[in-house]
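Trainee: I have a structure to go through. Can we take it piece by piece?
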Amino acid sequence: MKKMMITAAAVLLLSGCAQETPGSDTKPPVTDDLYGQYTSAVSGRLSSESDTAAVSTKYTYLFVDDTTGVYQMDGVLETDGSLMHMTQHLNANGMASEIEGYFDGSRLYNTFNGIHYYEDMTAKDVRDSMLMPLEPYAFPQDYLQGLSAATAENGDVTYSLAIAEDRLADVFKDRYDFNSMDQLDNVKVNFGIITDTFSSDGYFLNEKAKFEVTFEYSGQEVKTTYEGSVNYMNRDATEVVISDQMQSEFAAYVNYADIDTSTIDVEPTADDKPEATAEATFRKRLVNRLGYSEESEGVYTQKYNENESYTIDFNNRTFMYSNYSISYVYNWSGNVGSMGKCTVDFATSTSSSECTDETKDMIAKVKDFMRMELYYCGLSLEDLQAEQ
């Protein structure tokens, strides 16, 4: 599968050409106590039998003539024991690709822009194909030029790491550069910062990484910004099923080595390019990626069966899950959920007296349902809330 990944720099240099993002000069000192807390959080993090990881990577290129180019991948990897389900959406200057695969523990059955094939690989190979490290790493202390920590109201802790100048190239190459930029001419990594967040009960929640890189192409300097992130949810609550019918379909897949890659279409008919805002992108991808229908202006619905449905109302900024006659509503503007007389305020972690524990748990799940829809569209809840 990874063999079929489009190399970002090569595609962009051939297709025509990123917005430069300045680095931060704030570098808090690396104290022994704080470093010890950070390494303990990484090494002592809890594990789970199943989880869902939402991944995003983006290379933005700025050329000498001020033209720009973007290579972007967003995807979701669901893991349930030895089984995995993976989706990826790639876009390189309008050249789009869509990938979906199921891993049975030793073989990945993949669909790449309509082409079905299988490839023998390990679970690590599948995880590496997401083009972003999926677990944190405790960098040696001399790799860090700065280290700080911030604790949220709910007890989650975020560590911010500024990479030392003499370690930038090694860290970027060895951990983040899945597209092999080190093979280009005169590559220099100028800036790098990483943030890792851990929950109050010891789980790894997310990592964000940002690096600024330059290289030469045809004697001209190209400035590059790399941004990557991974966010976890549904720990011990993710289910991956490979049914008998799916196994029967997989039997017809061909070996990767037997595919004529020149026949693969890299321009799907559906427009998947990001729009100017997260909301506009979400609206478009709800239809193109997830099969929602626009029932009325600003109201999108997906029905799973006669009894269950999702409704996203952009006019009122609500996401509603309905099951038979019961409806749970999450309002992303106020970060509030409700069902009947029960109301949950996620910002303050409070709820009304009418709420039962069961209802509060379900409202929290409905908020997660919306997060998943956003992740499948290459977005996050924070992206949507930031535009209010």
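Trainee: Which residues of helix α6 are buried?
Mentor: This is a predicted model. Helix α6 spans residues 278–288. Buried means under 20% relative accessible area. The buried residues are Ala278, Thr281, Phe282, Arg283, Lys284, Arg285 and Leu286.

Trainee: What covers the buried residues of α6?
Mentor: Both strands and helices take part. The cover includes strands β2 (68–80) and β14 (299–303). It also includes α7 (357–376), α8 (381–385) and β15.

Trainee: Ser309 lies in β15. Is Ser309 buried or exposed?
Mentor: Strand β15 covers residues 308–313. Ser309 touches Thr301, Gln302, Lys303, Met320, Tyr321 and Ser322, leaving out residues up to four places away in sequence. Its relative accessibility is 14%, so Ser309 counts as buried.

Trainee: Which strands are the edge strands of the open sheet of 8 strands?
Mentor: The order is β13-β14-β15-β16-β17-β18-β19-β20, with antiparallel pairing. An edge strand pairs on one side only. That gives β13 (293–296) and β20 (350–351).

Trainee: Over how many bridges do β15 and β16 pair?
Mentor: Strand β16 runs over residues 318–323. The pairing is antiparallel, and the bridges number 6.

Trainee: Which element gives the most to the lining of the second largest pocket?
Mentor: This pocket holds about 770 Å³ of space. Elements giving two or more residues to its lining are β3 (83–92), β4 (95–103), β15 and α7. With 5 residues, the top contributor is α7.

Key:
Residues are numbered from 1 along each chain as its sequence is written. This is a predicted model: local features need pLDDT of at least 70, side-chain atom pairs count only at pLDDT 80 or more; totals for chains, interfaces and linings use all residues. Side-chain values use heavy atoms; hydrogens and water are left out. Helices (H or I, at least four residues) and strands (E, at least two) are DSSP runs, numbered from the N terminus. Buried means under 20% relative accessible area, exposed over 50%, partly exposed in between (1.4 Å probe, protein chains only). Contact means heavy atoms within 4.5 Å. Two strands pair if DSSP finds at least two bridges between them. On a 1 Å grid over the protein atoms alone, a cavity is a set of points where a 1.4 Å probe fits but cannot get out, and a pocket is an open set with protein on both sides within 12 Å along at least five of seven lines; lining residues have an atom within 4 Å of a point. Grid points are joined across faces, edges and corners, and a volume is the space filled by probe spheres set on the points.
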